[in-house]
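My notes follow in the order I looked things up.

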Amino acid sequence: MLLFKPEHVEPILTGKKTQTRRIWKKQRAKVGSIHLAKTKMLSKEYFAKLKILDVRQERLGDITEADAQAEGGYTVDTFQQVWILINGSWDADIMVYVVTFEKC
């Protein structure tokens, strides 16, 4: 299961969002696995099934313009603002998992 904000549902369903960055202590998704995309943690409802295409670790601040586009059509500056809204702060040096996916 991968949890997303409601505003990311449409970009995922239309294929505009194909990447997500996560602060995980350990990797929670494997390449080739299928995950349910949800907006509520304990809900049985999901809005998509996502196939994991790639998982890698990098510094949050290393996001490229192409990656920001894959995060939902953002620029790097806009992605940074969205990240702060969701996670509370921006630390360019924090290590994140970058999960690339496609809708099944």
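Predicted model: local features only at pLDDT ≥ 70, side-chain atom pairs only at ≥ 80, totals over all residues.

**Entry 1: the sheet**

I began with S2 and strand S5 (residues 95–103): four bridges join them, and the two strands run antiparallel. For one example of a bridge here, I looked up Arg-21, and its partner in S5 is Val-98.

Next I followed S5 to its pairing with strand S4 (residues 48–59). Those two are antiparallel as well, over nine bridges. I picked out two positions: Lys-51 stands opposite Glu-102 in S5, and Gln-57 stands opposite Tyr-97 in S5.

From S4 I moved on to S3. Four bridges join S3 to S4, and the strands run antiparallel. Leu-36 stands opposite Lys-49 in S4, while Ala-37 has Ala-48 as its bridge partner in S4.

Then I came to S1. Two bridges tie S1 to strand S3 (residues 34–38), and here the strands run parallel. Leu-3 is the residue I noted, as it stands opposite Lys-38 in S3.

Putting the strands in order, I get an open sheet of five, S1-S3-S4-S5-S2, with mixed pairing. Which strands stand at the edges? They are strand S1 (2–3) and strand S2 (19–22); each has a single partner strand, so one side of each is left without a neighbour in the sheet.

**Entry 2: the largest pocket**

I went looking for open space next. The largest pocket comes out at a volume of about 540 Å³. Which of its 24 lining residues are closest to the centre? I wrote down Leu-3, Thr-20, Arg-21, Arg-22 and Ile-86.

Two of those names were already in my sheet notes: Leu-3, the residue opposite Lys-38, and Arg-21, the bridge partner of Val-98.

I also checked which elements supply the lining. S1, S2 and helix H3 (76–87) each give at least two residues. H3 gives the most, with five. So much for elements; by class, I have 13 nonpolar, five polar and six charged residues in the lining.

Arg-22 got a second look. It lies over the face of Phe-4, at 4.8 Å from the ring centre.

**Entry 3: rings**

How many aromatic pairs does the structure hold? I have seven in my notes. The one I looked up in detail is Phe-79 with Trp-83: their ring centres are 6.0 Å apart and their planes stand at 45°, so I logged the pair as tilted. For that label, the angle has to fall between the stacked cut-off, under 30 degrees, and the edge-to-face one, over 60.

Both residues lie in helix H3, four residues apart, which is about one turn of the helix.

The cut-off I used for buried is under 20%.

I then looked for a wider group. Tyr-74, Phe-79, Trp-83 and Trp-90 form one aromatic cluster.

**Entry 4: two loop positions**

Where does Gly-61 sit? I found Gly-61 in the loop between S4 and helix H2 (65–70). Its relative accessibility is 33%, so I put it down as partly exposed. I also took a distance from Gly-61 to Gln-80: they are 19 residues apart in sequence, and 9.0 Å apart in space from C-alpha to C-alpha.

My other loop position was Thr-14, which lies between helix H1 (9–13) and S2. Thr-14 has a relative accessible area of 56%, so I have it down as exposed; the cut-off there is over 50%.

Terms used
Residues numbered from 1 in each chain as written. Heavy atoms only, no water. Pairing = 2+ DSSP bridges. 1 Å grid on protein atoms, 1.4 Å probe; cavity = no way out; pocket = protein on both sides within 12 Å on 5 of 7 lines; lining within 4 Å. Points joined across faces, edges and corners; volume = space filled by probe spheres on them. Nonpolar A, V, L, I, M, F, W, Y, C, P; charged D, E, K, R; others polar. Phe/Tyr/Trp six-rings, centres within 6.5 Å; stacked < 30°, edge-to-face > 60°. Lys NZ or Arg CZ within 6 Å of the ring centre and 35° of its normal. Buried < 20%, exposed > 50% of the residue type's maximum accessible area, 1.4 Å probe, protein only.
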